[in-house]
Amino acid sequence: MGCALSGLGWQRRASVDPAKPEPLPTLNLSQEQHRLLVESWKLIREDIAKVGVIMFIRLFETHPECKDVFFMFRDVDDLRGLGARKDLRTHGLRVLSFVEKSVARIGQSARLEEMTLDLGRSHYAYNAPPHYYQYVGTEFISAVRPVLNEKLTPDVEEAWQHLFTYICTVMKWGYQEEERKSFGGRSGTPRSQQAREATVA
Ligand code: HEM
């Protein structure tokens, strides 16, 4: 795995105001939206490698600053040439495997939340800040358009947007937890656990 922290002159800055934490969201999908995700994922899965590559090439084209976060891609100028690289394919597959696990765990909210928080925590180590995450959902939808064609109805698109909004927001929480630890925030109970306890109380 490449090291995303090795840029010269790199300096970490706090991404949030710790005094104003955002609430930890819940994934409120209807049964129909859940079904649409499961059904459309079966089709996307058939082209999973292609979707992963297209998603990342589009991400780097529309937001070149994201490419700079990846140690292994930051020096690449020919984005179309990136499509032939095994490491981009592997990375796309990893990200889409996470999406697959998320769809499989929609009914298991605690497990889904914990694995997504963990992913956000690891992105702090990768120095990939939260304001970039939303772009991945947008590029995912663009990449699946030619795969789903007319099956990408407004309802299907909305269900995917919903899932990605949830993933991005919970990842952001995980990222911020790590950030607070590094910036000398309150130690002890993780903030995600405090939020769950507050919701239950
Ligand atoms: C919805 C948003 C995203 C998801 C679901 C996601 C998912 C993943 C997954 C599953 C991995 C594999 C390693 C692990 O599990 O920790 C990973 C690694 C990584 N991600 Fe993300 N990611 C997202 C957004 C981003 C963005 C926007 C960036 C950059 C701006 C980024 C940068 C990285 C980096 C640098 C690595 C490590 C790559 C390596 O060295 O192998 N991620 N991501």
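Arg145 has a relative accessible area of 39%, so it counts as partly exposed; buried means under 20%, exposed over 50%, and partly exposed in between, with a 1.4 Å probe and protein chains only.

Before going on: this is a predicted model, where local features need pLDDT of at least 70, side-chain atom pairs count only at pLDDT 80 or more, and totals for chains, interfaces and linings use all residues. Residues are numbered from 1 along each chain as its sequence is written, and side-chain values use heavy atoms, with hydrogens and water left out.

Arg145 forms a salt bridge with Glu157 at 3.5 Å, N to O; the term means a side-chain nitrogen of Lys or Arg within 4 Å of a carboxyl oxygen of Asp or Glu. The two sit 12 residues apart, Arg145 in helix α7 and Glu157 in helix α8. Helices here are DSSP runs (H or I, at least four residues), numbered from the N terminus.

Helix α7 covers residues 133-148 and spans 23 Å between its first and last C-alpha, close to the expected 22 Å, which is 1.5 Å times one less than the number of residues. Its buried residues include Tyr133, Phe140 and Val147. Just after the helix, Asn149 has a positive phi of about 50°.

What does Glu139 pair with? Its side chain meets Arg58 in a salt bridge at 2.7 Å, N to O. That pair joins α7 to helix α2 across 81 residues. Glu139 is buried at 5%, whereas Arg58 is partly exposed at 31%.

Over the whole structure, the search finds 11 salt bridges. Glu114, Asp118, Arg121 and Glu177 are linked in a network of them.
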